[in-house]
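Please open the model in a viewer and keep the sequence at hand.

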Amino acid sequence: MSTVARASGVPPMPERNPKALRAAIAQHAPQLLVDFDRHWRRDIADAYDLAPVPAFMARWWDEYALARDPRTEATVHRLEDEAGQEPDYARAKALIEEAGRIRRAAAQVNPGQ
């Protein structure tokens, strides 16, 4: 993984493997590390079946993709919070849909981006 800072201040995504993702989380989003490790130990570490690994990677890839950019993460959380307080169903739905669109876009990044 490149450790060169981007002009935007957002670190690039790591290689798409658990070891590289964990290192990126530890360096750039340490608030996620306890949950990442707990999830790894619970679902993957002692498993003899590697079938859960793709789902694990997808979940944590998405989490890190959002957490590595504090501004985007704050925007998503603000939209979700506003939706939770919004009495108008249509407006709340629109806020949640916008938060989801941002989350999906963040998760579409590739290693190095």
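Begin by selecting residues 89–107, which form helix 5 of this predicted model.

Within helix 5, next highlight A92, L95, A99, G100, I102, A106 and A107, which are its buried residues. When the view is directed down the axis of helix 5, these buried residues fall within an arc of 160 degrees, and therefore they line one face of the helix. Then turn to the face directed away from the buried side, where the exposed residues A90 and R104 are found.

What do the buried residues of helix 5 pack against? Select helix 3 (53–67) and helix 4 (70–85), for these are their packing partners.

Keep helix 4 and helix 5 in view. The two pack at an angle of about 160 degrees, and their axes are 8 Å apart. Helix 4 is therefore roughly antiparallel to helix 5. The crossing in which helix 4 passes helix 5 is left-handed. To display the contact itself, select T72, T75, V76, H77, L79, E80, E82 and A83 on the helix 4 side. Their counterparts in helix 5 are R91, A92, L95, I96, E98, A99, I102 and R103.

For the last stop, move to helix 2 (residues 33–45) and select H39. Is H39 buried or exposed? Its relative accessibility is 10%, so H39 counts as buried. Leaving aside residues up to four places away in sequence, H39 touches I44, F56, R59 and W60.

Key
Residues numbered from 1 in each chain as written. Predicted model: local features only at pLDDT ≥ 70, side-chain atom pairs only at ≥ 80, totals over all residues. Heavy atoms only, no water. Helix = DSSP H or I, 4+ residues; strand = E, 2+ residues; numbered from the N terminus. Expected span 1.5 Å × (residues − 1). Buried < 20%, exposed > 50% of the residue type's maximum accessible area, 1.4 Å probe, protein only. Arc of directions from axis to C-beta. Contact = heavy atoms within 4.5 Å. Axes fitted to C-alpha atoms, helices over the stretch in contact; angles between N-to-C directions. Parallel < 35°, antiparallel > 145°, perpendicular 65-115°, else oblique. Left-handed = near helix turned anticlockwise from the far one by under 90°.
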